[in-house]
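User: I'm new to this and would like to learn how to read helix packing. Can we go through an example together?

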Amino acid sequence: MKVIGITGGAGSGKSEVLKILAQDFGAYVIIADDLARHLSEKGQICYENIVSAFGSGVIGDDGELDRKKLASIVFGDEAKLKLLNEMTHPYVRQAILSDIDKQREKNTASCIVIEAALLIEAGYQNVCDEMWYVYTDPDIRRQRMKETRNYSDEKIDAVMASQLSDEAFRENCDRVIVNNSTLENVKTQLTRIFKL
């Protein structure tokens, strides 16, 4: 069963592409962020590591990690972000590999799709058979982040500056899915790929 990595910048519409892959093409979808969130819940392995590294100030009133506080600590601080990634990425990768094995045994999906913003940086090229880049014009991405995430221009600038360039995404990916117009257009591109 083929493993496809889906990546792209913030606001490129990766989530919509994943929905289409699952609903229309029978893909089994693994979302790295969801796994990271689960592994960072109270009682899970990453939770203890994060609290011991960043202090009890990152714990919210409910006893769970306060993601906004944690994000404000690591955003823009490369050393702290690296530390956080080192505490979560190996466990997320382990969980992904284990899920891939389970799905291959079940053999009920057309393919396995892994979505992660840092797929390339975290070295998933050796886990995936193919890497796909969801490309969207920067202006459209900006608009989407304003509308769906309520981000300010400053926040959008910071997010975009922290991510790989278009060239780097293209160099490291086997296919480009262009998501500048409608989801129907995305579906047409995917249909063409699955017919190959």
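User: Which residues in H4 meet which residues in H5?

Analyst: Keep in mind that this is a predicted model. On the H4 side you'll find Leu-70, Ile-73 and Val-74, and they meet Lys-80, Leu-81 and Leu-84 of H5. Sorted by class, that contact has five nonpolar residues, one charged and no polar.

User: And how do I describe the way two helices pack?

Analyst: The general idea is to give two things, the angle between the axes and the distance between them. Here, helix H4 (residues 67-74) packs on helix H5 (residues 78-106) at about 130°, and the axes are 7 Å apart. That angle is why H4 counts as oblique to H5.

User: At what angle do the axes of H2 and H5 cross?

Analyst: Roughly 115°, with the axes of helix H2 (residues 32-39) and H5 coming within 9 Å. The crossing is right-handed. Ala-32, Leu-35, Ala-36 and Leu-39 from H2 meet Tyr-91, Val-92, Ala-95 and Ile-96 from H5. By class, you get eight nonpolar residues, with no polar and no charged ones.

User: How many residues does the largest nonpolar core have?

Analyst: It has 33, and Val-92 and Ile-96 are among those with the most contacts inside it. H2, H4 and H5 are among the elements that each supply at least two residues of this core, and so are strands S3 (111-115) and S4 (130-135). Take Ile-96: leaving out residues up to four places away in sequence, it touches Ile-30, Ala-32, Leu-35, Ile-114 and Tyr-124. Another core, of 16 residues, lies apart from the largest one and includes Ile-4 and Leu-190.

Note on methods. Residues numbered from 1 in each chain as written. Predicted model: local features only at pLDDT ≥ 70, side-chain atom pairs only at ≥ 80, totals over all residues. Heavy atoms only, no water. Axes fitted to C-alpha atoms, helices over the stretch in contact; angles between N-to-C directions. Helix = DSSP H or I, 4+ residues; strand = E, 2+ residues; numbered from the N terminus. Parallel < 35°, antiparallel > 145°, perpendicular 65-115°, else oblique. Contact = heavy atoms within 4.5 Å. Nonpolar A, V, L, I, M, F, W, Y, C, P; charged D, E, K, R; others polar. Left-handed = near helix turned anticlockwise from the far one by under 90°. Core = buried A, V, L, I, M, F, W, Y, C linked by side-chain atoms within 4.5 Å. Buried < 20%, exposed > 50% of the residue type's maximum accessible area, 1.4 Å probe, protein only.
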